[in-house]
Amino acid sequence: SRGGSMTGRGGMGGGFTNLGMGRQESNFYNDEEYDGGFGSAGAGGGGRGGGYDDFNRPQGGGGGDTQYVINMRGLPFSATRRDINLFFAGKASVMDVEIHYSNDGRPAGTASVLFPSEEDARAAMDLNRKSMGSRYIELYLEGPV
């Protein structure tokens with residue numbers, strides 16, 4: 001798994017890893033279509049402080065909304081983080097995207113997406129079974145992290 005710090009619209013973010021299966025890619029700087037990223041709210045940002053747990057998820061800190069994860073299934077194997085962000089554009093604010101890869105390094109057709117609030121995650125669920133290209137996408141609300 002790759003994670004680590006990244007900078008995006010949310011300031012310094014921790015990324016998130018190990019929420020799905022197989023190898024995950026969450027390092028936006030390795031994406032050929034990098035457009036600035038969608039980094040997560042960082043330590044001390046948005047009322048969320050207190051550092052990160054062993055899975056790079058924000059811990060502790062004062063107030064703020066709880067972050068929620070939605071797992072996606074049925075993605076085109078060519079889907080990028082940008083494609084996933086565009087899928088949710090206008091519906092919900094995406095904090096981070098983690099595309100899952102099989103052990104041989106090929107895309108698994110699944111991803112985990114981090115949303116800043118329950119409201120964003122529930123709004124995103126309206127896109128369950130909508131299409132991305134010729135594929136319909138199944139969404140599963142995993143809950144808070």
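Of the 22 residues in the largest nonpolar core, M72, I84, F88 and F115 touch the most other members. A nonpolar core here is a set of buried Ala, Val, Leu, Ile, Met, Phe, Trp, Tyr and Cys residues joined through side-chain atoms within 4.5 Å, and buried means under 20% relative accessible area, with exposed over 50% and partly exposed in between (1.4 Å probe, protein chains only). At least two residues of this core come from each of strand 4 (68-73), helix 1, strand 5 (96-101), strand 6 and helix 2 (118-124). Helices (H or I, at least four residues) and strands (E, at least two) are DSSP runs, numbered from the N terminus.

The model is predicted: local features need pLDDT of at least 70 and side-chain atom pairs count only at pLDDT 80 or more, while totals for chains, interfaces and linings use all residues. Residues are numbered from 1 along each chain as its sequence is written, and side-chain values use heavy atoms, with hydrogens and water left out.

Leaving aside residues up to four places away in sequence, I84 touches M72, L75, V97, I99, A111, V113 and M132, where contact means heavy atoms within 4.5 Å.

Aromatic rings come next. Rings of Phe, Tyr and Trp (its six-membered ring) pair if their centres lie within 6.5 Å; planes under 30 degrees apart count as stacked, over 60 as edge-to-face and the rest as tilted. By this rule there are two aromatic pairs. The ring centres of F87 and F88 are 5.1 Å apart and their planes stand at 85°, so this pair is edge-to-face. Both F87 and F88 are buried. F88 also forms an edge-to-face pair with F115, at 5.2 Å centre to centre and 85° between the planes. This second pair links distant parts of the chain, as F88 lies in helix 1 (residues 81-88) and F115 in strand 6 (residues 107-115), 27 residues apart. The relative accessible area is 0% for F88 and 0% for F115. Together, ring pairs link F87, F88 and F115 into a cluster.

Strand 5 pairs with strand 6 in the antiparallel sense over five bridges, pairing being assigned if DSSP finds at least two bridges between two strands. Within this pairing, A111 of strand 6 is the bridge partner of I99. The hairpin of strand 5 and strand 6 has five residues between the strands, and G105 there takes a positive phi near 90°.
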